[in-house]
Amino acid sequence: MGQSSPSSRPDIHATRPVPVRHPARWIGGAALFLFVFLFVRLLVTNENLQWPVVAHYMLSPEILKGLGRTLLLTFLAMIFGLAIGVVLAVMRLSSNPVFQAASWLWIWFFRGVPPLVQLVFWYNLALLIPTVSIGIPFGPQFWEASTNQLITPFSAAILGLALTESAYASEMIRAGIQAISVGQTEAAATLGMTRAQILRRIVLPQALRILIPPIGNDTISMLKFTSLVSVLALPDLLYSAQMIYSRTYQTIPLLIVATIWYLILSTVLTFAEHYIEHRLNGRPLALSAVLSSLFKSKFWSLRRHEARS
Amino acid sequence: MTAATPLLKVERLSKSFGTHQVLRNIDLAIETGEVMCIVGPSGSGKSTLLRCLNYLETPDSGAVFLAGEPVGVRWRGSTLYEMSFNELAVQRQRMGMVFQSFNLFPHKTALENVIEAPIVVKRKKKAEAITEAEALLEKVGLADRAHYYPRQLSGGQQQRVAIARSLAMQPALMLFDEPTSALDPELVGEVLAVMRALAEDGMTMVVVTHEMSFARDVADHLVFMDQGVIVEEGHPRDVLSHPRHSRTKTFLARVI
């Protein structure tokens, strides 16, 4: 009561403070809202977008077939890429210098060469190696085929995409493995587990949990990278759209069709990634939890919210 | 050779990290059913010694014998061969180990932690492993926590699960590397109680610890280490009440 306070002030214990005002947030929000409005108006009113044409082609058999190929390419390239990536990561962490060097060289090469260059290169492999054979080196051959028969646009695409992915995946998997503490390996070793058992049962399952978000990220990247295969005239989603507009000259509407499909697929993949992440962490699988993890940001919320979550 | 070979024998064991010699010519023998406590100031080499017993650290020289068999190396004719990791795994099955930081497998429940090695290493049937694991969890007082993940358990509970996990392999002896040092003071008692019960069951134990009252009450044999050598050893009553070396006296004055 010692302070010089006007007698008109209410008791501090009986009153709530007025919350902090954020005028900048309101101004910024309003400005952004205006831009969004103008953009939506452009989408709706611009005749060149030809929405009826977009709607007509969204579910056309040609587009859907392309969509299927895009999904298949993404899926196979990721599976092969991750499988090779695990092997490369284990080689990189081995104490055998030849394995280490081979793995390093592979990663250096496939991370350094653009996937587009690789696709064209693999497609033209027959110019370098006319026949492929299986047998004992410098000895008898058991099986032989011409490279031209083996390398189709599809197999060239898988090779290029999977090998690029393997280089990125191996670095990611190596980081995941190294994030598992030595204590885990030691505990498993003292229980009498062999190296392979420790890797398969203890280290990799834990590393996988850490790796789900980056693998999800890579899968979405791969989805978009598959559009490169249009240079091999492989009718994926983009090339199917291109084939249609080369006949009909409806370039923009068909690119919009492809864009919408790519966005739908990447949205589905994002949800799938969050779903798997939640499952592996053993948290309840409420849709609201998955949704909130998509948008949640802890950056400004200090510790109060951490305690709550 | 005397009447019986000791269960674990250490002969002239030395180990350096770089230029720093951590262990110098250690000799030690542990009989079946004996509880040995190793005490000493930090940096005295006691944890390294324990980790040399199951070859988590490879000694520079000297030998460890488990029931008369050399650990980590193998004779073939008159040539001595280093064991591979997977050969060593067979010997490690007989020496359970409990760590300061528990090292439970975080992706598995308490029960799954305990049944993991019996199923994977000993190829036991799952149902059989579960029955045994439940009995072990009961023994460490955690039957009701079988389906909890490590992160849902307190430190003391985690350490008790870790003890059960080691016991599941039916080891010939158990190594404890400062098992209570990472625990909140009020949780130390529950872990020591489990270890005490284990000692009463006749388990052979080597315990690196700072818990002097545990050493005094439970140990049959107390080893005091400083600067990589065994300064003094004997029955805890003698070593604790009548230390003969000044280094032992200084250390005991500080911790008791």
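This is a predicted model: local features need pLDDT of at least 70, side-chain atom pairs count only at pLDDT 80 or more; totals for chains, interfaces and linings use all residues.
Let's start with the pockets. The largest one has a volume of about 830 Å³. Its lining takes in 29 residues, and nearest the centre you'll find A:Leu93, A:Thr185, A:Arg195, A:Ile198 and B:Phe85. So which helices build that lining? From chain A, α3 (61-93), α7 (153-178), α8 (182-190) and α9 (195-225) each give at least two residues, and so does α2 (85-92) of chain B. The largest share is five residues, from α9(A).

On to the second largest pocket, with a volume of about 400 Å³. Here 14 residues make the lining, and A:Ile215, A:Gly216, A:Thr219, A:Leu269 and A:Ile276 lie nearest the centre. Helices α3, α9 and α11 (251-280) of chain A each put in at least two residues, with α3(A) giving the largest share, six. This lining has 10 nonpolar residues, three polar and one charged.

Last stop, chain B. The axes of helix α3 (residues 110-120) and helix α4 (residues 126-139) of chain B come within 9 Å and cross at roughly 130°. That makes α3(B) and α4(B) oblique to each other, and their crossing is right-handed. Who's touching whom? On the α3(B) side we have B:Leu111, B:Val114, B:Ile115, B:Pro118 and B:Ile119, and they meet α4(B) residues including B:Lys126, B:Ala129, B:Ile130 and B:Glu134. Taken together, the residues of that contact are 10 nonpolar, two charged and no polar.

That's it from me, thanks.

Definitions and conventions:
Residues are numbered from 1 along each chain as its sequence is written. Chains are lettered from A and ligands numbered from 1 in the order in which they are written. Side-chain values use heavy atoms; hydrogens and water are left out. Axes are lines fitted to C-alpha atoms, for helices over the stretch in contact, and angles run from 0 to 180 degrees between N-to-C directions. Helices (H or I, at least four residues) and strands (E, at least two) are DSSP runs, numbered from the N terminus. Angles under 35 degrees count as roughly parallel, over 145 as roughly antiparallel, 65 to 115 as roughly perpendicular and the rest as oblique. A crossing is left-handed if the near helix is turned anticlockwise from the far one by less than a right angle, and right-handed if clockwise. Contact means heavy atoms within 4.5 Å. Ala, Val, Leu, Ile, Met, Phe, Trp, Tyr, Cys and Pro count as nonpolar, Asp, Glu, Lys and Arg as charged, and the others, Gly among them, as polar. On a 1 Å grid over the protein atoms alone, a cavity is a set of points where a 1.4 Å probe fits but cannot get out, and a pocket is an open set with protein on both sides within 12 Å along at least five of seven lines; lining residues have an atom within 4 Å of a point. Grid points are joined across faces, edges and corners, and a volume is the space filled by probe spheres set on the points.
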